[in-house]
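Hi,

Here is the structure I promised to pass on. Have a look at it first, and then read my notes below.

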Amino acid sequence: MAKKLCVNIDHIATIRQARMVREPQPVAAALLAELAGCSGITVHLRQDRRHINDGDVHLLRASITSSLNLEMAPSAEMVQIAKQVLPNMVTLVPEGPNELTTEGGLDVDARISDITTAIQNLRSSGILVSVFIETKTEQVKAARKAGADYVEFHTGHYADAFERRDESKVELELSKLQEQINVAMKSGLKVNAGHGLNYRNIKRIAELNGIEELNIGHSIVARAALVGMERAVREMLDLISGR
């Protein structure tokens with residue numbers, strides 16, 4: 001079965017916020033990505049609102065026809081916002097005030113109590129919940145124990161090794177990913193993956209068995225700045241499907 005593509009449009013909002021003006025609008029980018037054939041839209045509503053804001057999320061929920069995946073920290077504030085917006089999925093992620101982007105997976109094992117509470121609260125409103133984790137068995141088991149529907153595996157280590165052309169590390173990361181995908185599926189979890197994926201490194205991730213959806217943002221937005229959103233999304237879809 002072909003893997004789905006969920007396009008993260010955070011950095012459309014980053015361009016807007018560079019001038020603190022009204023354009024470009026994330027919802028316009030989302031609609032173009034849908035026209036190009038993506039299966040969903042991802043946005044990260046950060047606690048500092050550095051790019052996507054509350055209004056963007058509500059407008060996206062009212063406008064798009066594909067799936068909305070809301071990335072957020074597992075805080076009480078964010079849970080309440082999600083329960084108002086009702087995205088199709090929430091992906092719980094770690095969040096630091098000084099990071100440029102998400103730096104690693106959520107330590108579900110160490111935070112099992114508060115993450116379980118957040119997941120139960122979200123699922124009570126009919127929202128599917130994913131947790132963004134490292135490729136470690138203890139994190140997969142903790143995600144299952146906490147009640148998650150999905151795990152999203154952090155592919156940043158693979159992407160970094162690919163950029164360094166460290167083939168042995170690339171192979172190691174791919175092996176770990178496939179191993180933990182299998183662990184997750186055997187425990188009843190569905191699997192997504194993302195972080196650092198681009199037009200150069202996507203092919204080998206797309207060849208792994210068991211991933212349902214790939215979350216890709218920065219590289220698509222960067223390509224879209226040169227060739228347009230529809231073409232950028234279609235090119236990524238071609239690579240994912242092996243065309």
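Let me start with strand S4 (residues 89-92): Met 89 and Thr 91 point one way, Val 90 and Leu 92 the other way, and all are buried. Buried means under 20% relative accessible area, exposed over 50% and partly exposed in between, with a 1.4 Å probe and protein chains only. Helices (H or I, at least four residues) and strands (E, at least two) are DSSP runs numbered from the N terminus.

Before going on: this is a predicted model, where local features need pLDDT of at least 70 and side-chain atom pairs count only at pLDDT 80 or more, while totals for chains, interfaces and linings use all residues. Residues are numbered from 1 along each chain as its sequence is written, and side-chain values use heavy atoms, leaving out hydrogens and water.

S4 has neighbours. S3 and S4 run parallel, joined by 4 bridges (strands pair if DSSP finds at least two bridges between them). Glu 71 has Thr 91 in S4 as its bridge partner. S4 also pairs with strand S5 (residues 128-133) in the parallel sense, over 4 bridges, and there Val 90 stands opposite Val 129.

Then there is 1 aromatic pair (ring centres within 6.5 Å; planes under 30 degrees apart are stacked, over 60 edge-to-face, the rest tilted, with the six-membered ring used for Trp). Tyr 158 and Phe 162 form this tilted pair, at 6.0 Å centre to centre and 55 degrees between the planes. Tyr 158 is buried at 1% relative accessibility, whereas Phe 162 is partly exposed at 23%.

Cheers
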